[in-house]
Amino acid sequence: MDEWISEVRPGMRHSTSRALWPSERGPRVEVQRLDSRFAAYRDAVGLDPALEFHSLRRSYITHLIEDGHDPLFVQQQVGHDHASTTAIYTCVSSDFRTRSLRRVLDATIEAALRPGRTS
């Protein structure tokens, strides 16, 4: 980001704009343009038409969670004020859910069978 802001962006035609990501034709790349380009690429490679540009954000959040990053880190990384918002974006796979459940069940069984357990 520092290199983009200090070296690349100043050389662009619209470098006086406040936009962080100006296009070659104007000061901002509009969301509709990103959406339409994503849809064109998606269709060209035969992906599900339900996928949209915003799916990349959901995917990023999900991969961070599945890779074991702290949920608070993920929440802060994507700029959410509330963990519940981040949870909405998280679409973990059934394999991940199964592995997570397996770890909890294994730990529970191990603790229950541990010598000296009182209950």
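## Surface and charge

The chain exposes about 9400 Å², and carbon and sulfur atoms supply 57% of that area. Accessible areas come from the Shrake-Rupley method with a 1.4 Å probe, and for residues only the protein chains shown count as cover. Of the 119 residues, 20% count as buried; buried means under 20% relative accessible area, exposed over 50%, and partly exposed in between.

There are 16 positive and 16 negative side chains, and the centres of the two sets lie 3 Å apart. Lys and Arg count as positive and Asp and Glu as negative, while His and the chain ends are not counted. The place of a charge is taken as NZ of Lys, CZ of Arg, CG of Asp or CD of Glu.

## Model and confidence

This is a predicted model, in which local features need pLDDT of at least 70, side-chain atom pairs count only at pLDDT 80 or more, and totals for chains, interfaces and linings use all residues. Residues are numbered from 1 along each chain as its sequence is written, and side-chain values use heavy atoms, with hydrogens and water left out.

The chain averages a pLDDT of 86, and 91% of the residues score at least 70; pLDDT is the predictor's confidence in each residue, from 0 to 100. Confidence is lowest in helix 1 (residues 2-8), with a mean of 84, and highest in helix 4 (residues 71-77), at 93. Where pLDDT is low, the predicted coordinates should not be read in detail.

## Overall form

The secondary structure comes to 6 helices and 0 strands, giving the pattern α-α-α-α-α-α along the sequence. Helices (H or I, at least four residues) and strands (E, at least two) are DSSP runs, numbered from the N terminus.

The radius of gyration is 22 Å, whereas a compact globule of 119 residues would have one near 14 Å. This radius is taken over C-alpha atoms, and the globule rule is 2.2 Å times the number of residues to the power 0.38. The C-alpha trace spans about 75 × 35 × 25 Å along its principal axes. Among contacts with a separation of 6 or more, 20% are between residues 24 or more positions apart; contact means heavy atoms within 4.5 Å.

## Thr 62 and Val 92

Thr 62 is found in helix 3 (residues 55-66) and is buried, with a relative accessible area of 8%. Not counting residues up to four places away in sequence, Thr 62 touches Tyr 89, Thr 90, Cys 91 and Val 92.

Val 92 lies in the loop between helix 5 (83-89) and helix 6 (94-113). Val 92 also counts as buried, at 18% relative accessibility. Although Val 92 and Thr 62 are 30 residues apart along the chain, their C-alpha atoms are separated by 5.8 Å. Leaving aside neighbours within four places in sequence, Val 92 is in contact with Thr 62, Ile 65, Glu 66 and Arg 97.

Ser 6, in helix 1, is partly exposed, with a relative accessible area of 48%. Its C-alpha atom is separated by 28 Å from that of His 54, 48 residues apart along the chain.

Arg 37 has its place in helix 2 (residues 31-44) and is partly exposed at 39% relative accessibility. Arg 37 and Phe 53 are 16 residues apart in sequence and 8.7 Å apart in space, C-alpha to C-alpha.

Methods
Buried < 20%, exposed > 50% of the residue type's maximum accessible area, 1.4 Å probe, protein only.
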